[in-house]
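Q: I have a structure open and would like to talk through it. Could we begin with how far it can be trusted?

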Amino acid sequence: MPGQGGIAATFRRRLVDGVCVWLALTASVHADEDRLSVRSAAIETVQGVLLLNAEFDIVLPEGARRAIRDGVELTLDVDLRLYRERSFWFDDSVASLAQRYEVSFHALTERYVVRNLNSDAQSTYATLEEAVEQLRSIHSLPVLDRSLLDPEERYEARLRAMLDVHTLPGSLRMVLFWTDDWEQHSDWYAWPLKP
Amino acid sequence: MATQAVKRGVVAALVVIGIALWLTAAFLMAQSVQNSARFSALHVWILLINAAGLVTLIVLIAARILRLVRAWRARAIGSRLEARMVWTFGALAIVPIFVLFYFSVEFINRGIDSWFHVEVRQGLEDALSLSRAAFDVRMRESLERTQFIAREVEQSDRNLINVVSQLRPGVGASELTVFGGSGRILATSSERRDDFLPLRPSTEIVWQVRQGRPYVNLEPIAGGGYFIRAAVAIGAANASSEQRLLQAVYPVEGRLGELADTVETAYQDYAEKARLREPLKTSFKLTLTLVLMMATFAALYGAFWAARRLVQPIQSLVKGTRAVAQGDLDTRLPLTSHDELGMLVHSFNDMTKRLLRARSDAQQSQAAVEAERANLAVILARLSTGVISLQPDLSVRTVNQAAIAILSGDGGDPGLRGESDLIGKSLDAAAAGAPLFEQFVLVCRTHLEHGEAEWREQIALSSDTARRTLICACTALPGEAERPSGYVLVFDDITALLQAQRDAAWGEVARRLAHEIKNPLTPIRLSAERLRHKLLEGMNPNDAQILERATHTIVQQVEAMKEMVNAFSEYARTPKMDLSSFDLNQLVAEVTDLYRAQDRGAHAAQTAKRHLSVILDPQLGEAPGAIEADRGRLRQLLHNLLANACEALEGREEARLQVETRLTIRSGGSVAELIVEDNGPGFAPDVAGRLFDPYVTTKPKGTGLGLAIVKKIIEEHGGKIEAQNVTGNAGESNGARVRVELPLVAANRAAGTRASREAVLEPRRERA
């Protein structure tokens with residue numbers, strides 16, 4: 001039945017076209033909204049310790065800035081993972097490191113406080129831009145002792161960041177799932193590592 | 001039943017679990033609106049449970065609605081009641097829920113809005129400003145002290161570290177550091193002695209100081225409390241020499257810090273709450289809506305469930321009632337509950353049980369009655385007495401075979417076929433077409449219409465073909481309130497009895513006549529001859545002639561009387577059979593030849609044209625066809641019949657006489673038939689029924705014994721005789737026919753006796 005086959009083929013082609021267009025659209029929307037990404041990341045060895053240096057691109061929309069000024073906390077989660085590469089199986093996770101930073105506005109002193117939630121170290125800044133600037137780069141964050149890695153093996157490091165402006169508490173966020181929220185995930189940034 | 005119970009149990013358990021889950025979920029959700037962190041992890045589950053519950057309920061309710069709609073369309077029993085109940089229950093439950101929902105939403109809106117007054121916000125902001133003002137004084141003092149130290153350091157030539165250490169406790173600073181260009185620490189002093197690393201000035205501070213503006217600021221400490229940081233340049237800004245920077249950190253005493261923290265926390269909390277106002281309201285409303293939907297659907301489902309539960313026993317009752325109405329008394333309904341409906345079901349079951357028992361009792365008694373009736377019917381059928389029972393309106397209730405046999409003519413009246421044809425008809429309708437029955441009905445009706453319920457009468461019935469005498473008795477059946485519930489007519493055919501009596505009487509008469517009359521006849525004749533012999537010679541011719549004539553007449557008449565008396569004695573004589581086996585055809589031929597000879601002789605002149613035809617069945621002459629009878633008496637029988645016919649044909653033009661023999665096979669054995677037919681005037685209607693009686697005659701001559709003797713001979717041989725008129729096409733009499741049946745063998749004659757008696761009932765005429 002060539003007639004029916006033709007119709008079916010046309011339909012299938014149209015369907016495929018539609019799916020492609022939809023994928024392209026969603027991809028472009030995501031690209032537009034890409035407010036957080038890992039610009040660069042590297043691990044250097046200083047005195048037998050692996051240190052992480054990373055740069056992030058962070059774009060804060062005006063709404064998020066206003067929310068932070070009104071007392072909402074901004075958190076940045078940095079997630080680093082080290083994998084040992086294996087030929088015929090999943091890579092072995094060697095180490096992982098999570099760092100969490102928080103930016104909040106202190107109303108009394110009218111200053112922006114940046115805290116490292118892991119170490120509880122904090123510093124204050126007069127403007128939000130200065131405070132965020134601190135989050136944009138990580139300098140010499142100790143990751144691992146080099147002696148723990150096997151020089152014969154190949155390793156891979158993966159890094160990603162998650163930015164969240166907590167305008168709603170967790171529960172309300174679940175209930176009001178459709179409201180705009182400032183949560184952002186960067187893609188994984190991976191690079192080979194030679195110990 | 002067991003699987004039903006298990007299924008019901010599982011469903012109940014599921015319902016309970018579902019309700020418990022839903023309540024928990026709603027409770028957690030209400031809690032989580034207040035306390036966010038604890039329940040955020042459960043939220044997905046809470047939402048899923050609610051969504052699943054809702055979907056389940058919607059599917060269940062949709063299924064119920066679909067079923068109800070189908071039942072409604074199919075006009076199933078109970079569907080309307082169920083729909084009305086669902087509607088009522090649903091409305092009763094849902095309306096209050098919606099009212100409650102409306103007021104709750106209103107309450108949430110107003111309640112939450114009332115928390116956020118402008119005054120509160122303003123107060124908090126004022127507290128904040130007050131705190132800042134309090135700190136401003138200290139900050140200024142701290143800056144002045146720092147500037148003092150800076151001047152001291154600038155002017156002193158001593159070791160920088162010593163100066164700093166000396167001055168620090170004096171100004172009350174917790175930390176005092178001098179930074180050189182590019183942030184190098186030149187000297188530092190701190191309260192803390194161990195492992196001390198001075199605070200680094202931020203680029204912001206460095207830039208500000210480099211521009212010649214002193215820096216002072218209040219900074220929060222992680223974990224609560226504040227410190228004041230002040231930074232000033234040491235000496236004038238100098239491009240050539242390196243710019244030194246003095247940074248001093250002053251602690252804020254605990255009490256002030258705590259107060260400031262409280263104010264800050266309160267402000268932040270309020271700000272957060274203000275910010276969450278709308279989302280919180282939305283969340284509350286959402287929770288409420290979810291609870292509302294669940295409650296509504298649950299109520300709706302509950303309404304369906306309750307309606308179903310109420311309607312089910314009613315449905316089964318209706319079904320049971322229908323089944324009982326259609327005669328299925330084995331219907332038993334399951335007892336579901338012990339309430340009023342249960343009692344109803346119980347009563348229903350009891351009722352059907354009783355009905356069943358009553359029906360079986362009725363069937364048994366009916367069977368007994370039927371058996372009794374059958375017995376009675378058998379008895380009635382065997383009875384030779386006719387029995388007819390009548391309804392009060394004189395329609396036939398029962399009739400037996402004997403009654404039909406008696407009331408229908410032997411020829412078989414077409415009106416009377418069988419008992420079932422008569423039952424239920426009125427007497428007149430039943431009798432229509434049967435003349436004997438009609439006459440009988442007339443008599444009965446006369447009595448009954450005169451109110452005579454009990455009577456007894458002898459009834460004579462006659463038709464063209466038959467004549468019967470019945471003795472009939474009527475009795476009323478006992479009924480209610482002096483009205484009879486019917487009548488029973490019992491009658492017997494006594495025609496034969498009367499005939500037998502008559503025959504016996506005639507036999508007696510004949511015997512007496514023979515005896516009493518025959519004796520004087522001889523003396524009379526002898527005396528008359530003697531008178532003639534003695535007196536004739538002495539008389540004159542005239543007297544002699546008179547005497548001659550008188551004595552001749554006496555002798556002649558005495559002879560005639562003798563003949564008559566002989567005939568009577570012949571009739572009355574006790575039969576003495578002289579049986580022998582012979583050929584009937586031969587006998588017939590002998591006798592008919594005699595009559596043929598007579599024709600040629602004496603009567604030739606008068607009846608030249610009389611034609612005698614003889615048809616003989618050759619089978620009769622053969623060995624098996626030979627008849628066993630008294631030859632002499634059969635000869636007399638033939639003579640009588642032929643003489644009778646010849647007399648009837650006297651003086652008739654185109655006279656025709658036919659004699660025929662025939663061999664007929666009957667169920668009781670072979671019979672020889674002898675038929676004598678003439679074309680004379682036929683039998684007179686007024687003598688019908690008495691044709692074979694003695695001394696019945698319509699002719700001037702004759703004893704009237706001819707046919708009576710014929711009949712007697714036939715009876716002696718166990719045969720049967722019929723006499724009837726031959727009717728032409730237009731119904732006119734076209735001559736007479738006498739048919740005689742004689743059994744071939746003497747042994748068969750026992751049965752023939754009855755047949756010969758019946759022959760008396762045949763229509764007859766008298767020509768003897």
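A: The structure is a predicted model.

Q: What is chain A built from, in terms of helices and strands?
A: Chain A contains 4 helices and 10 strands. Read from the N terminus, their order is α-β-β-α-β-β-β-β-α-β-β-α-β-β.

Q: How much of chain A is buried?
A: Buried residues account for 25% of the 195 residues in chain A.

Q: What about contacts, how many join residues at least 24 apart?
A: The figure for chain A is 62%, counted among contacts between residues at least 6 apart in sequence.

Q: Which strand pairs with strand 3 of chain A?
A: Strand 3 (residues 74–84) of chain A pairs with strand 8 (residues 155–165) of chain A, in the antiparallel sense and over 11 bridges. Within this pairing, Leu82(A) stands opposite Ala157(A) of strand 8.

Q: What else does strand 8 of chain A pair with?
A: Strand 8 of chain A forms 5 bridges with strand 10 (residues 189–193) of chain A, in the antiparallel sense. There, Arg158(A) has Ala190(A) of strand 10 as its bridge partner. Strand 8 of chain A also pairs with strand 9 (residues 184–185) of chain A, antiparallel over 2 bridges. Met162(A) stands opposite His185(A) of strand 9 in chain A.

Q: Now to chain B: which residues of helix 14 are buried?
A: In helix 14 of chain B, the buried residues are Leu436(B), Phe437(B), Phe440(B), Val441(B), Cys444(B) and Leu448(B).

Q: Why do they line one face?
A: Viewed down the axis of helix 14 of chain B, the buried residues fall within an arc of 125°, so they line one face of the helix.

Q: What is on the face turned away from the buried side?
A: That face of helix 14 of chain B carries the exposed residues Thr446(B) and Glu449(B).

Q: And what do the buried residues pack against?
A: The buried residues of helix 14 pack against helix 11 (401–407), helix 13 (427–431), strand 8 (455–462), strand 9 (467–477) and strand 10 (486–493), which belong to chain B.

Q: What span should helix 14 of chain B have?
A: Helix 14 of chain B covers residues 435–449, which is 15 residues; at 1.5 Å a residue they should span 21 Å. The end C-alpha atoms are 21 Å apart, which agrees.

Q: What follows helix 14 of chain B?
A: Gly451(B) follows helix 14, and the phi of Gly451(B) is positive, near 85°.

Q: Which residues of helix 8 of chain B are buried?
A: Ala260(B), Val263(B) and Glu264(B) are buried in helix 8 of chain B. Their directions, seen down the axis of helix 8, fall within an arc of 95°, so these residues line one face of the helix.

Q: What covers them?
A: The cover for the buried residues of helix 8 of chain B includes strand 4 (92–106) of chain A, together with helix 5 (118–155) and strand 4 of chain B.

Q: Which residues touch the most other members of the largest nonpolar core?
A: In this core of 69 residues, they are Ile68(A), Val209(B), Ala230(B), Ala231(B), Leu245(B), Leu246(B) and Ala248(B). Strand 4 (residues 226–234) of chain B gives the core its largest share, 7 residues. Apart from this core lies another, of 47 residues, which include Leu642(B) and Val738(B).

Q: Last topic: what stands opposite Val740(B) in strand 17 of chain B?
A: Leu674(B) stands opposite Val740(B), and Ile721(B) also stands opposite Val740(B). Strand 17 (residues 733–743) of chain B is joined by 7 bridges to strand 15 (residues 669–678) of chain B, running antiparallel. Another 7 bridges join strand 16 (residues 720–727) of chain B to strand 17, also antiparallel.

Note on methods
Residues are numbered from 1 along each chain as its sequence is written. Chains are lettered from A and ligands numbered from 1 in the order in which they are written. This is a predicted model: local features need pLDDT of at least 70, side-chain atom pairs count only at pLDDT 80 or more; totals for chains, interfaces and linings use all residues. The expected span of a helix is 1.5 Å times one less than its number of residues. A residue is buried if 20 or more other C-beta atoms lie within 10 Å of its own, exposed if 12 or fewer, and partly exposed in between; C-beta atoms are placed from the backbone. The arc is that of the directions from the helix axis to the C-beta atoms. Two residues are in contact if their C-beta atoms, placed from the backbone, lie within 7 Å. A nonpolar core is a set of buried Ala, Val, Leu, Ile, Met, Phe, Trp, Tyr and Cys residues joined through C-beta atoms within 7 Å. Two strands pair if DSSP finds at least two bridges between them.
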